[in-house]
Amino acid sequence: MHLSSSDHDEYRPPVWKSYLYQLQQEAPHPRRLTCTCEVDNRPKYYGREYHGMISREEADQLLSQAEGSYLIRESQRQPGTYTLALRFGNQTRNFRLYHDGKHFVGEKRFESIHDLVTDGLITLYIETKAAEYIAKMTINPIYEHVGYTTLNQEPALKKHVPVSPETLDGPAPAKDDHNAEERLTSLVRRATLRESDLTPKYEKVHNFKVHTFRGPHWCEYCANFMWGLIAQGVKCADCGLNVHKQCSKVVPNDCQPDLRHVKKVYSCDLTTLVKAHNTKRPMVVDMCIQELEARGLQSEGLYRISGFSELIEDVKLAFDRDGEKADISSNAYEDINIITGALKLYFRELPIPLITYDAYPRFIEAAKITDPEKRLESLHEALKLLPPAHFETLRYLMAHLKRVTQLEKENLMSSENLGIVFGPTLMRAPELDAMTALNDIRYQRLVVEALITNEDVLF
């Protein structure tokens with residue numbers, strides 16, 4: 001079967017390599033070998049392909065007629081367990097078969113035995129015929145030529161990338177070649193222009209999840225076909241990049257989250273959020289702090305006094321629904337403690353805390369140092385462990401909290417008080433026992449207190 005380019009333009013412009021796709025078309029088709037007699041105790045989830053307790057030799061004889069033929073038998077060695085016997089490569093292969101509502105022999109789970117066998121035959125055929133090719137798939141990726149931003153950020157134009165195979169596999173054009181610019185598609189040119197924008201370039205790993213693709217799909221890293229019937233590859237939940245499982249291990253950490261995939265503001269990974277919205281810091285942090293500095297710095301007990309929890313939840317929903325268009329002005333929320341509550345809630349709900357789990361031990365160690373100079377030095381080193389977006393957000397927050405302390409006479413909030421409030425909000429112990437976590441609270445407070453006091457030196 002050949003797909004016309006109009007059928008699957010989105011997945012198959014000229015850059016995609018068709019070798020593995022052709023192989024999938026050539027793979028043997030499943031042939032169910034039905035049992036002609038009635039079999040006692042046939043499990044309800046198997047059909048006439050179930051032959052009861054027959055030996056390997058009997059199964060082999062029955063299947064020897066045709067490639068792709070299959071049957072299910074009960075194991076003689078382990079009664080109560082079942083084996084899928086499948087003819088492939090002129091020999092019978094035996095697979096232990098499981099059922100938990102779906103059928104499986106490995107990681108993939110199938111609605112029917114027919115689908116399982118179809119997928120198995122495709123996989124066996126391709127991995128037998130193209131083992132060497134598959135092993136080298138990741139060596140010459142299109143990813144580096146076309147540019148990930150191209151594949152990701154212009155979905156409407158993705159169908160029409162007119163890149164010739166020579167551009168992909170040939171040597172890189174010389175830098176002084178005047179035609180090089182013309183050879184770039186408008187798509188790649190856009191991506192190049194976008195690269196020079198002033199937005200911070202935060203690195204972010206892809207959030208890959210196993211995915212079943214409907215219809216033919218090609219890997220956006222190596223340009224090869226993603227074979228199989230289900231779970232043919234992985235898809236990044238944040239940016240939508242589709243790649244083979246093996247290619248996912250070598251894709252650069254350059255996920256550019258797409259707002260179609262990033263649905264929430266609260267509970268969303270911090271780097272994912274700022275990359276999706278193309279901002280330096282999360283809009284919640286910027287907007288809440290700007291609102292607080294405009295009308296609340298002198299408010300007594302700022303950050304210590306709690307706002308009404310239902311209204312804080314309202315603010316959260318407004319950000320999740322409207323993003324930067326959320327109205328948090330005094331017209332909407334007169335009580336400034338609702339805004340401080342919404343900001344603290346944002347930090348508490350981060351899946352990875354602002355001071356990350358990886359950096360956490362270094363910050364706690366620094367807090368335990370009694371010598372002020374050495375403690376400062378140690379904090380400085382610990383800050384280097386934070387991802388850039390986390391560091392930038394922490395820097396902005398600490399500068400704000402420093403301004404809060406400068407009005408301590410009015411708001412009664414010292415760096416020590418703010419440390420008590422923000423210590424457990426910005427830091428969470430990574431899976432420590434309850435006792436250690438309890439002891440750490442004191443040091444979490446000292447960390448935040450030191451970051452506020454020495455904000456001008458540390459950042």
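Author: The questions and answers below concern a predicted model.

Reader: In the open sheet of five strands, which strands stand at the edges?

Author: The sheet is open, its pairing is mixed, and its strands follow the order β1-β2-β3-β4-β5. Each edge strand has a single partner strand, so one side of each is left without a neighbour in the sheet, and the strands in this position are β1 (31-32) and β5 (103-104).

Reader: Which residue is the bridge partner of R32 in β2?

Author: Strand β2 covers residues 69-74 and is joined to β1 by two bridges, the two strands running parallel. Within this pairing, the residue of β2 that partners R32 is Y70.

Reader: What angle does the direction of helix α2 make with that of β2?

Author: Helix α2, residues 56-63, packs on the sheet and touches β2, β3 (82-88) and β4 (91-99). Taken against the direction of β2, the direction of α2 makes an angle of about 160°.

Reader: At what angle to β3 does helix α3 run?

Author: Helix α3 is formed by residues 113-129 and lies across β2, β3, β4 and β5. Relative to β3, the helix α3 runs at about 45°.

Reader: In the hairpin of β4 and β5, near what value is the positive phi of G101?

Author: Here too the pairing is antiparallel, with two bridges between β4 and β5, and Y98 stands opposite F104 in β5. Three residues lie between the strands of this hairpin, and G101 takes a positive phi near 110°.

Reader: In the open sheet of three strands, which residue of β8 does K235 stand opposite?

Author: This sheet has the order β6-β7-β8 with antiparallel pairing, and β6 (208-211) and β8 (242-243) stand at its edges, so one side of each is left without a neighbour in the sheet. Strand β7, residues 233-236, is joined to β8 by two bridges. In that pairing, K235 stands opposite N242.

Reader: How are helices α11 and α17 oriented to each other?

Author: The axes of α11 (residues 270-277) and α17 (residues 388-405) come within 8 Å and cross at roughly 90°. At their contact, L270, T271 and V274 in α11 meet A389, H390 and T393 in α17, a set with three nonpolar, three polar and no charged residues. Since angles of 65 to 115 degrees count as roughly perpendicular, α11 and α17 are therefore roughly perpendicular.

Reader: How many charged residues does the contact of α14 with α19 have?

Author: Helix α14 (residues 336-348) and helix α19 (residues 415-426) pack at an angle of about 35°, with their axes 8 Å apart. K344, F347 and R348 in α14 meet V421, F422, T425 and L426 in α19. By class, this contact has four nonpolar residues and one polar residue, and the number of charged residues is two.

Reader: How much space lies in the largest cavity?

Author: The count of cavities of 30 Å³ or more comes to three. The largest cavity is lined by C35, C37, E38, V39, R42, R48 and Y50, a lining of four nonpolar, no polar and three charged residues. The space in this largest cavity is about 50 Å³.

Note on methods. Residues numbered from 1 in each chain as written. Predicted model: local features only at pLDDT ≥ 70, side-chain atom pairs only at ≥ 80, totals over all residues. Heavy atoms only, no water. Axes fitted to C-alpha atoms, helices over the stretch in contact; angles between N-to-C directions. Helix = DSSP H or I, 4+ residues; strand = E, 2+ residues; numbered from the N terminus. Parallel < 35°, antiparallel > 145°, perpendicular 65-115°, else oblique. Contact = heavy atoms within 4.5 Å. Nonpolar A, V, L, I, M, F, W, Y, C, P; charged D, E, K, R; others polar. Pairing = 2+ DSSP bridges. 1 Å grid on protein atoms, 1.4 Å probe; cavity = no way out; pocket = protein on both sides within 12 Å on 5 of 7 lines; lining within 4 Å. Points joined across faces, edges and corners; volume = space filled by probe spheres on them.
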